[in-house]
Amino acid sequence: MSGDILDVVAGIPFWVAVLRIATPLIFGTLGVLLCERAGVLNLGIEGIMVVGAFTGWFAVYQGATLWSGVGVAAIAGAALGLLHAVLTVPLGLSQHVSGLGVTLFGTSLAAYAYRVLLPRVTTPPTIEPFAPMTSLGVPLLSTQTPLTLLALALVPLLAYALNRTPAGLAVRMVGENPGAAEGQGIDVIAVRMWTVVAGSALMGVAGAFLTLSAFNAFFFNMVNGRGWICVALVVFASWRPGKALAGALLFAAFDALQLRLQQTSGAKLPYQIYLMLPYALSILALVVMARRAAYPQALMKPYRKGER
Amino acid sequence: MRLEARAEVSRTLQVAAPFAAIAVTLVVCSLLVAWSGAPVGGAYRLLLEGAAGSTFAISETLTRATPLIITGLAVTVAFRAKLYNIGAEGQLYAGALAAVGVANAGLSLPTAVVFPLVVAAAMAAGALLLIGPALLKTRFHVDEVVTTLLLNFIALLFVSMMLDGPMKDPMAMGWPQSVAIPEELELGKLAERSRVHSGLLIALALAVIVWIVDRFTAFGFEMRAVGANARAAAFAGLPVQAVVLKTALLSGALAGLAGAIEVMGRAGYVTLDMSPGYGYSGIVIAMLAQLNPLGVVAAAIFVAGILVGADSMSRAIAVPTYIADVIVAASLIAMLVASMLARYRIRFK
């Protein structure tokens, strides 16, 4: 058994799979991280990813370029993010319930739109997805699509923006101590809202990766809990972009491993056991990290001027 | 713009809130109906007829409302104590599986003994699935929303595994469905040529019981106190963690029971699609009912009517049946805003 695992992990195909599985998780986790650093939990991610996957794919199916598809997905994600932001920031509604509402709404809206726009299809129509960047010449990266490169590049970019720029400082302040931020002349409501919109755009791109890169068609249920896993990964990452990357890669490695073991170890265990592992692992990650989790201090606390 | 808490929350506004929310939702969703090319008025009329236009339609709506009332109650008790149980879907499946398991355990006991055992097993299974996340919440401060959501996927995969393996029905021609429960355990039908079963009466009784527990017992008071302000409850000497755990047991047991009743009253066996999101709809129902156990009944019948009505509407005209899910989801969002407007006044300046 352990020999099997070593064989698998030593192979290049394994790491190719890890990067591919990790990419949507990186986008999604960074999106959740951004929202939460500003003090807003965004459980809309699952539905936003579905909408991103659908709109991005449909735009390309209608003849748009792949990158425009990514843009469309980001805009769709941002729109749902704006809905969540309006509900939770100025109106101060329950972030839990609003997020779930956005997820239910996004998921059902995508399903409805799919049926209205393509009433007669039985097998999902396909598109030509992003091709691997073979001309890049970097061993592992040249097996991946440009979206993976974008995801990897976003990690240091976001870390820099959060930790080294005035805008990042404002985001962190409204997430830690909105009262003090207000005292510095920062518009807490505006900063929170636009941060949620930006984070949700990333979630939309996370969904688009599934239809424009990992697969070439849109299926119902294709997001399959990846959004919730991102929410868990943010806790695991202690709200730091670098650790979020590490968490996504670690998680993807386990996922790739279970996929390989499913194939190599034959039918020793029911396949469902392997499929359960990612979810079980996410719960475990939450439990292990929650104790020393340095939550943004104002997470899930609505801000009202003049109220304490 | 700022929000100002109303000095007094009027009863009228509170009662009006869900109706306003539903009205706004139907107006917004009519744009989507129009987008599909169907006449809006005609579509809504067909939806209404499909939900309540005939004795058969009403019986179908009530059949669909039965599990929804119970999952709505499960979510209501949990949310009252601010325990965000999003796992009713998984707990329902756990209950259904446990019910079939015990019903087919080959106990040579009279039905009068087996029946309560089956029900108890289902409730225990549901409770067991929620007690884990509740313990993680009270002991390690792990957010229960994410853990219960993730457990839904694990529960469904577990059901799939059981349907492939030990509980597979050998006569189902490879269809993933479980062995059926013995006929004597099935719930009686309430009317000829319909699918409404006595589970509806159980659901209604549960709503009254939960309402009584909530309104008139010490436990109900403790749940509300913990939900309103856990810190204040702790200062007042309430065992907050114990209250949360007890709430979890109650909420999980209710969701598990919904699964058992669905099995005993409708299908007779477990399939992977026996619940088209009853657990998640339970959240919408609880919010529409403003966490009032009696309101849950009305909200569940409304949601059931939308689901059943949309099914029949989409058979008549080209509006995809997914419009039902959109309406249900949008009504949750509208309800959130409406209940806030009932409590706050918006001041522009």
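**Close-up views of a two-chain model**

**View 1. B:A300 and the residues it touches.** Leaving out residues up to four places away in sequence, B:A300 touches B:A65, B:L68, B:I69, B:G72 and B:I285. Touching, or being in contact, is about C-beta atoms placed from the backbone: those of the two residues lie within 7 Å. A quick note before we go on: this is a predicted model, where local features need pLDDT of at least 70, side-chain atom pairs count only at pLDDT 80 or more, and totals for chains, interfaces and linings use all residues. Residues are numbered from 1 along each chain as its sequence is written, while chains are lettered from A and ligands numbered from 1 in the order in which they are written.

**View 2. The largest nonpolar core.** B:A300 turns up again here, as one of the residues with the most contacts inside the largest nonpolar core, which has 237 residues. A nonpolar core is a set of buried Ala, Val, Leu, Ile, Met, Phe, Trp, Tyr and Cys residues joined through C-beta atoms within 7 Å. Buried means that 20 or more other C-beta atoms lie within 10 Å of a residue's own; exposed means 12 or fewer, and partly exposed is in between. Helices here are DSSP runs (H or I, at least four residues), numbered from the N terminus.

**View 3. Helix 11 of chain B and what follows.** Helix 11 of chain B is mostly covered, with eleven of its eleven residues buried. Among them are B:Y278, B:I285 and B:L288. After this helix comes B:Q290, with a positive phi near 50 degrees. B:Q290 sits in the loop between helix 11 (278-288) and helix 12 (293-316) of chain B, and is partly exposed because 18 other C-beta atoms lie within 10 Å.

**View 4. Another positive phi, at B:R193.** Most residues other than glycine have a negative phi. B:R193 is not a glycine, yet has a positive phi of about 50 degrees. Look for B:R193 in the loop between helix 6 (144-164) and helix 7 (199-216) of chain B. B:R193 is exposed, because it has 8 other C-beta atoms within 10 Å.

**View 5. Where chain A meets chain B.** Here 38 residues of chain A are in contact with 41 residues of chain B. Helix 5 of chain A gives the most to chain A's side, with 13 residues.

Conventions
Helices (H or I, at least four residues) and strands (E, at least two) are DSSP runs, numbered from the N terminus.
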